[in-house]
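Trainee: I would like to learn how to read helix packing and charged pairs in a model. Can we work through a case?

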Amino acid sequence: MLLTKMTVNHFRNFKQSVFLFNPFLTIVAGSNSVGKTNLLEALFFGLRGHGFREEKDRELIHTKAFTATVALESREGNESNTQKIILSSTPTMTKQCLFNKIKKRLHEYSAHSMPAIVFSPSFLYVIDGQMHERRVFFDRMINHMSKTYKRRLGFYEQALRKRN
């Protein structure tokens, strides 16, 4: 699956932006504080449905807006797909996920997405932190890519709870 285009509206510091991706290599370069990391976060959000830096979805919406949208276009062979997440803060935080214009629940939406993993300096605890933190980090990453792993991990955690 190849990502071809990302359209972002009111996501973090982007008001309205379109990014086209080369099928062979895309390089993101720029001065400090122009939005390189926000571009990566928008991409991650579009694939996974949550940001990788922010705990609260409201922080992903541009400060002067109430709604943010990330739309992705991809292709695999002759098949084209569109994915779109609309994050709204009025009156309460809501998230609407669309895959090929069909409304999906977040877990269904994520199942259709290509895997995405981000490793940034804020994740150094994975290397030098406690073993439990490392396990949780990798379990989350692998869960997204393997339904079998997710199911088996659930059985394992259930067995641990029953044992204790």
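Predicted model: local features only at pLDDT ≥ 70, side-chain atom pairs only at ≥ 80, totals over all residues.

Trainee: How do the axes of H4 and H5 cross?

Mentor: Two packed helices are described by the angle between their axes and the distance between the axes. Here the axes of H4 (residues 131-145) and H5 (residues 147-163) come within 6 Å and cross at roughly 130°. H4 is therefore oblique to H5. On the H4 side the contact involves Arg135, Asp139, Ile142, Asn143 and Met145, and on the H5 side Lys147, Tyr149, Lys150 and Leu153.

Trainee: How many salt bridges are there?

Mentor: Side chains of opposite charge can pair when their charged atoms come close. In this model the count is four. One of them joins Glu73 and Lys5, at 4.0 Å from N to O. Glu73 lies in strand E3 and Lys5 in strand E1, so this pair ties together parts that are 68 residues apart in sequence.

Trainee: Where do Arg135 and Asp139 lie?

Mentor: Both are in helix H4, four residues apart, about one turn of the helix. Arg135 is partly exposed at 48% relative accessibility, whereas Asp139 is buried at 7%.

Trainee: Which residues form the nonpolar patch on the surface?

Mentor: The patch consists of Ile117, Phe138, Ile142 and Met145, with about 350 Å² of accessible area together. Ile142 belongs to helix H4 and is partly exposed, at 31% relative accessible area.

Key. Residues numbered from 1 in each chain as written. Heavy atoms only, no water. Patch = residues over 30% accessible without salt bridge, like charges linked within 9 Å, V, L, I, M, F, W, Y side chains within 5 Å. Areas by Shrake-Rupley, 256 points an atom, 1.4 Å probe, with all protein chains shown as cover. Salt bridge = Lys/Arg side-chain N within 4 Å of Asp/Glu carboxyl O. Helix = DSSP H or I, 4+ residues; strand = E, 2+ residues; numbered from the N terminus. Buried < 20%, exposed > 50% of the residue type's maximum accessible area, 1.4 Å probe, protein only. Axes fitted to C-alpha atoms, helices over the stretch in contact; angles between N-to-C directions. Parallel < 35°, antiparallel > 145°, perpendicular 65-115°, else oblique. Contact = heavy atoms within 4.5 Å.
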